[in-house]
Amino acid sequence: MGSLFRSEEMTLAQLFLQSEAAYACVSELGELGLVQFRDLNPDVNAFQRKFVNEVRRCDEMERKLRFLEKEIRKAGIPIVDTGENPDAPPPREMIDLEATFEKLENEMKEVNTNQEALKRNFLELTELKHILRKTQSFFEEAEFHHQMQDPALAEESHALLLGDEERGGQPMRLGFVAGVINRERLPTFERMLWRACRGNVFLRQTEIETPLEDPVTGDQVHKCVFIIFFQGDQLKSRVKKICEGFRATLYPCPETPAERREMAIGVMTRIEDLQTVLNQTQDHRHRVLVSAAKNIRVWFIKARKIKAIYHTLNLFNLDVTQKCLIAECWCPVADLERIQLALRRGTEHSGSSVPSILNRMTTKQAPPTYHKTNKFTSAFQAIVDSYGVASYCEVNPAPFTIITFPFLFAVMFGDAGHGLIMALFGLWMVWREKQLMNQRKDDGTWAIFFGGRYIILLMGAFSIYTGFIYNDFFSKSLNIFGSSWSMANISDEDIEKYDMIELDPNVTSIYKPRSPYPFGLDPIWNMAENKITFLNSFKMKMSVILGVLQMSFGICLSLSNYRFFKDPVSSVSVFIPQLLFLLCIFGYMVAIIFYKWIAYDASISYKAPSLLITMINMFLFKFPESQDDYLYSGQKGFQIFLVLLAVACVPCMLFIKPYFAWRAHKSGKRTFGTVQMQVNGAAEDTAVIMDQDEGEMPPPPPEGVSGHKEEEEFDIGELLIYQAIHTIEFCLGCISHTASYLRLWALSLAHAQLSEVLWSMVLHIGLGFQGWVGAVVTTLVFPAFAVLTIAILLVMEGLSAFLHALRLHWVEFQSKFYKGEGHQFVPFSFEALMEDHN
Amino acid sequence: MVTNEVLCSVLVSYDDTSHFKMVGVAIPLVVVTLFWLIIGAGVPWAIPKGPNRGVIQTMIVTTAVCCYVFWLVATLSQLNPLIGPQLKNTVIKYIKWSETEK
């Protein structure tokens, strides 16, 4: 079997890399993605490692790149994704990259500052322009007003407007300030002025129609022009302070209209000039960003790769001679050739003459678990790994889960119509894989559904099959082969007389003996009032049968484990009693289920014994008096034998294994296999790998001992307790897990009932109307039916059945053989790194 | 209502000599068993060599076993039914009419 059945054989390898070649070799290994480096300096602080400076420089580069990216995005320039995957540049190129980034960053910062200053200037000039325009109307209004009312006042305000300094003893001298303030702040500003100056100031304001751009944030703000008239210096200072507090900008406004006109013209020219400069600055900035946007993705990849390489180099040990770096890594044995090639390539690239060396090491540590998966199997492997990563070299349930998981889902889902929709959805996602892969990466829910596209496709396909068997197509049955139940011989008077007739299968004209509907459930049951009674019996028995089958298969997988780890004691003392225990009790139950189906028909149904009572009585050693109530002859003896056999299995499970362990310990032999630390040193000039001259790799240590030092103490009590717990867990688990499989019945019943409710309460009512009314009502009712079907039956029930199928696998199936105590093989791979960042 | 029962789409196929189609259990049993046997025990040998051979073989055998057992359980449970369907007299009337029509 391919490596999916068990983990790949992994080996610990030691790499000797020349200091100059190290960088290039690590780069090649990163591209390959097949080795997992171990940290040889776990006690060293991150700041004391050898390459910390380089990592810091890479961090700086990344920061600059991020700044540039932000600017590019703000300017709305699309970042070109050429799909190129550049190699990590050599260290000398890093300096060039740093210089480029530095230059770009400085340029951008400068341009940004300049632009800000220019914009601020522009804003001031614009506000001044508005002020000059609006205050013109204030002064005119004030003049007109005063002229009308008071000639004396008019004279003096006239004088004011004309800017005539000499007033000649006029007691009132109005000063004014003009400025601009945010529109929102204006009412409070007015009120504050009124209160603070005790009503002795006069405020006029008008709105600026066009919003102005704030130089810092770039937002559009609405502002108003205001002018405040007051008398005296005290009021002037008060007004100025209030303006400051409300962040209103004040502008010097000339008093005479002639001066104002001059100023306005000057301001207009300056605004025009500034606008040109601003446009040019904007263009320049855009050009810089566009040229940066072309390369930024490539730069990001390069920077990240360099950083990853230096992080990895930090894990290495420096040799005593300071000439070469030593690395330890886990790698799959089957890929050692490719790793060798990568090392050779790296050494050549760096121009070093000394080849890099890879030595295999033996160790007692448990290697990481590596399952080679492709895009199809990886989803199912992920399901298994979510519960626990397989221990090294133990049986991987994933290849079986590929089929059993969708199958159990389908047993609970069981509707061909809904299955069809689900299968089509899965098919669409699989067909459009490549396009959909790059879209909508940010949406988490979609990513989950897309990641499970193969699972959804299989679940849908199996649901179509089970839907046909359950004869359930959107809660309706199909009659393809002709029902096995016939009404032809039911008399018409009976039909008139009785509201409800229960057909008797004993009557040959109604049901011909032993001629069931050939494929699935008979469609007549869809219309029967006692449909659920029949279905319950069928589905419960089916659930238990499937459950016992899956659990027996799980126990058989544990035998495969014992044989691989060369543990004959367990094979005999654990596997056989476990299997016997399960089969004697629940295998027997499955057998009598089948027997009762075949041996008893309607003619003797009155004396068909209840299977449940039979099982209970089997354990109570209670047997019926009359010969009729037995299922088969010899039942009494056979059942007693089975019970005794099952009970006899329990002490076997409890005592045999600890006994053998104790005996082996006593006789001084270590039956758990010996492992030694071997390090093959000796670098040769031409040798590249120390081949298997130590013979075959010793089989990996059995799960019980992995990771421990050689045990000097041997605690029989601990072993007995451990074994007892496992035995109790197994025996009680047999019963509870078998019952747990009844959820297959429960969920399929729930699904069928929900489906029926949707039909009878929604679509049926819609289709019940005739004529034009019917057409309209149906048009309205069908979307409601469709939405409810998808939301309730597909999404909710789908998730529910998914969850329960998952639980059945994780608990009921895997507890029979799976330890799941391994750790995942996480190779140093640039591909994985880039995916993480995306 | 008329639509109530008819909508369950009872398409009945007829044997000329009898009121309803009678198929014993032998033919379906043999056909289906052979079908899944060929798929489960025969097709795996035909899978071309490649890295995924083992997985595909496992998948085929598992599918065959699961689907066959499921069908077998459904058929056997209906082989000798101990109870019959309880139908409304209107349903019986329509089915009887459709059976004796042709």
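Modeller: Happy to! For chain A, the unreviewed UniProt entry lists "transmembrane region" at residues 407–431, 451–470, 544–562, 574–597, 640–660 and 781–806. Keep in mind that everything here comes from a predicted model. Residues 574–597 of chain A are 100% helix and 0% strand, with 33 Å between the end C-alpha atoms. Residues 781–806 of chain A are likewise 100% helix and 0% strand, and their end C-alpha atoms are 35 Å apart.

The unreviewed UniProt entry places "transmembrane region" at residues 25–47 and 54–74 of chain B. The span 25–47 of chain B is 74% helix and 0% strand, its end C-alpha atoms being 33 Å apart. For residues 54–74 of chain B the figures are 100% helix and 0% strand, with the end C-alpha atoms 30 Å apart.

That brings us to how the two chains meet. The contact involves 79 residues of chain A and 54 residues of chain B. Together the chains bury about 6100 Å², and 69% of that area is on carbon and sulfur atoms. On the chain B side, B:Phe70, B:Gln78 and B:Gln86 supply 13% of the area buried against chain A, more than any other three residues.

For the polar side of this interface, there are 23 residue pairs in polar contact between chain B and chain A, both residues of each pair being at pLDDT 80 or more. The elements of chain B that each supply at least two residues to the side touching chain A are helix 2 (26–42), helix 3 (53–79), strand 1 (86–88) and helix 4 (89–101). Helix 3 of chain B gives the most, with 19 residues. By class, the side of chain B that touches chain A has 32 nonpolar, 17 polar and five charged residues. Salt bridges between chain B and chain A number two. One that can be named joins B:Lys96 to A:Asp492, with 2.9 Å between the closest N and O atoms.

Now back to chain A itself, which is divided into domain 1 (1–40 + 316–372) and domain 2 (376–482 + 517–667 + 715–816). Taken over C-alpha atoms, the centres of domain 1 and domain 2 of chain A are separated by 45 Å. Eleven residues of domain 1 of chain A are in contact with 15 residues of domain 2 of chain A. These two domains of chain A bury about 1100 Å² between them, 62% of it on carbon and sulfur atoms. A:Leu4, A:Phe5 and A:Arg6 supply 55% of the area that domain 1 buries against domain 2, more than any other three residues.

What about charges and polar pairs at that domain boundary? The count of salt bridges between domain 1 and domain 2 of chain A is zero. Eight residue pairs are in polar contact across this interface, with both residues at pLDDT 80 or more. By class, the side of domain 1 of chain A that touches domain 2 has five nonpolar, three polar and three charged residues.

The unreviewed UniProt entry lists a "coiled-coil region" at residues 51–121 of chain A. That span is 76% helix and 0% strand, and its end C-alpha atoms lie 48 Å apart. A:Glu93 forms a salt bridge with A:Lys302, their closest N and O atoms being 3.8 Å apart. A:Glu93 sits in helix 3 (residues 91–149) of chain A and A:Lys302 in helix 7 (residues 257–314) of chain A, so this pair ties together parts that are 209 residues apart in sequence. Side chains of opposite charge can pair when their charged atoms come close. Over all chains, the count comes to 31 salt bridges.

Methods
Residues numbered from 1 in each chain as written. Chains lettered and ligands numbered in written order. Predicted model: local features only at pLDDT ≥ 70, side-chain atom pairs only at ≥ 80, totals over all residues. Heavy atoms only, no water. Domains from an automatic or database assignment. Contact = heavy atoms within 4.5 Å. Buried area = accessible area lost by both parts, 1.4 Å probe. Salt bridge = Lys/Arg side-chain N within 4 Å of Asp/Glu carboxyl O. Polar contact = N/O pair within 3.5 Å; in protein donor to acceptor, adjacent residues only side chain to side chain. Nonpolar A, V, L, I, M, F, W, Y, C, P; charged D, E, K, R; others polar. UniProt positions renumbered as here; feature names shortened; annotations may be inferred. Helix = DSSP H or I, 4+ residues; strand = E, 2+ residues; numbered from the N terminus.
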